[in-house]
Amino acid sequence: MKTLSVDLFGRAYPIHIGSGLLSNSSLITPHITGKQVMIVTNDTVAPLYLATLRNTLNESGLTVKQVILPDGESYKNFESYRIILDALVEARFERRSTLIALGGGVIGDLTGFAAATFLRGINFIQIPTTLLAQVDSSVGGKTGINHPLGKNLIGAFHQPRAVLADTDTLSTLPDREYRAGLSEVIKYGFIRDIEFITWLEEHSTFLNERDQATLTEAIYRSCHNKAVIVAEDEYETTGLRALLNFGHTFGHAIETGMGYGAWLHGEAVAVGMLIASELSQRLGLIPKDDLQRIINLSRALHLPYQAPDLGVTRYLDIMAGDKKVEAGKIRYVLLEKLGKAMLSQDVNESLIKEVLSPNSGQFIGSATEQPI
């Protein structure tokens with residue numbers, strides 16, 4: 001097992017990464033306040049891991065309730081949020097209660113948002129079961145739900161007490177979900193860790209085979225990169241944390257435009273990073289060789305490489321409603337160089353239209369339903 005810490009002002013929480021963590025009560029119970037615990041999960045994860053976690057908690061004398069939601073991005077909405085709150089109220093949970101998110105990013109975001117708002121804020125623990133959630137959404141305290149007009153527009157900052165990334169859960173992850181998680185792994189190399197890019201290039205075969213030791217190291221290095229950024233800019237006030245959104249402006253447009261769930265978050269971000277990288281190259285920030293290196297790593301990990309042609313106008317309309325818009329301008333996360341990201345609001349719209357056009361941008365194609 002590997003452990004690292006997210007160090008915030010006056011407080012910190014651990015991220016444990018390794019095998020068999022769901023059965024290790026010593027990693028969970030120290031972070032539980034009170035005796036009431038509610039596990040929130042979905043109908044895909046519950047048959048696989050809910051009983052193990054419940055047994056671990058029951059052995060510690062805790063009162064354990066559960067909420068099982070339908071699986072999918074389309075359920076990251078007000079209705080699911082209300083179901084969690086109803087269950088907490090009906091079970092008479094108190095301020096010293098603890099919520100545990102057992103699942104992927106959707107479950108983590110929903111549970112965290114419920115924890116942030118129930119009784120004005122209660123304790124919660126993240127136990128992410130997808131690669132994407134283990135390296136990204138479970139770390140940093142961003143919680144929330146989607147609005148029909150935009151992704152993650154409603155939410156709150158609410159840090160977990162602990163994160164347990166049990167790598168055993170990745171063995172049951174469908175290949176498509178696993179690949180989607182790899183996009184967030186390589187993101188950290190692109191935006192701030194060029195040595196990680198080299199390591200990923202050298203270990204791509206092992207990642208494709210889901211080698212446990214390689215996965216543990218990849219998750220650790222990803223979480224370390226995110227923890228450093230979160231510690232310096234917890235509430236995204238300086239702009240540093242916004243760099244984590246590399247590829248997300250274009251990716252969120254794909255998710256919204258295609259309908260939540262048609263494209264997985266990581267799939268959309270994978271193509272979004274390619275579009276942002278092409279934009280960076282066209283702006284003269286990175287050379288063509290670096291763009292090709294980004295493409296090669298994405299292809300080596302079998303990530304999608306072509307976005308749906310929503311139409312340039314539709315892309316721009318959705319992006320204009322993105323939560324990263326500031327003073328009416330879209331803030332683009334670009335690559336100042338490979339391994340270093342930057343923010344820019346001064347990108348010529350005609351160039352944006354070019355990279356979003358199937359006649360000009362190399363990553364916009366004829367895909368209309370599923371990622372290629």
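This is a predicted model: local features need pLDDT of at least 70, side-chain atom pairs count only at pLDDT 80 or more; totals for chains, interfaces and linings use all residues.

1. Lys151 touches Glu73, Lys76, Asn146, His252, Glu255, Thr256, Tyr260, His265 and Lys323, leaving aside residues up to four places away in sequence. Contact here means heavy atoms within 4.5 Å. Lys151 belongs to strand 8 (residues 150–157) and is buried, its relative accessible area being 6%. Buried means under 20% relative accessible area, exposed over 50%, and partly exposed in between (1.4 Å probe, protein chains only). Helices (H or I, at least four residues) and strands (E, at least two) are DSSP runs, numbered from the N terminus.

2. Residues are numbered from 1 along each chain as its sequence is written, and side-chain values use heavy atoms, with hydrogens and water left out.

3. Helix 2 (residues 46–58) has Ala46, Tyr49, Leu50, Leu53, Thr56 and Leu57 buried. These residues lie on the same side of helix 2 because they cover an arc of only 130° around the axis; the arc is that of the directions from the helix axis to the C-beta atoms. An α-helix has 3.6 residues a turn, so residues three or four places apart point the same way. On the other side of helix 2, Pro47 and Ala51 are exposed. The cover over the buried residues of helix 2 includes helix 1 (25–28), strand 3 (36–42), strand 4 (63–69), strand 5 (98–103) and strand 6 (123–128).

4. How many aromatic pairs are there by the rule used? The count comes to 4, where rings of Phe, Tyr and Trp (its six-membered ring) pair if their centres lie within 6.5 Å, and planes under 30 degrees apart count as stacked, over 60 as edge-to-face and the rest as tilted. The rings of Tyr81 and Phe113 are stacked, because their centres are 4.6 Å apart and their planes stand at 25°. Tyr81 lies in helix 3 (residues 78–90) and Phe113 in helix 4 (residues 105–117), so the pair ties together parts that are 32 residues apart in sequence. Tyr81 is buried, with a relative accessible area of 15%, and Phe113 also counts as buried, at 7%.
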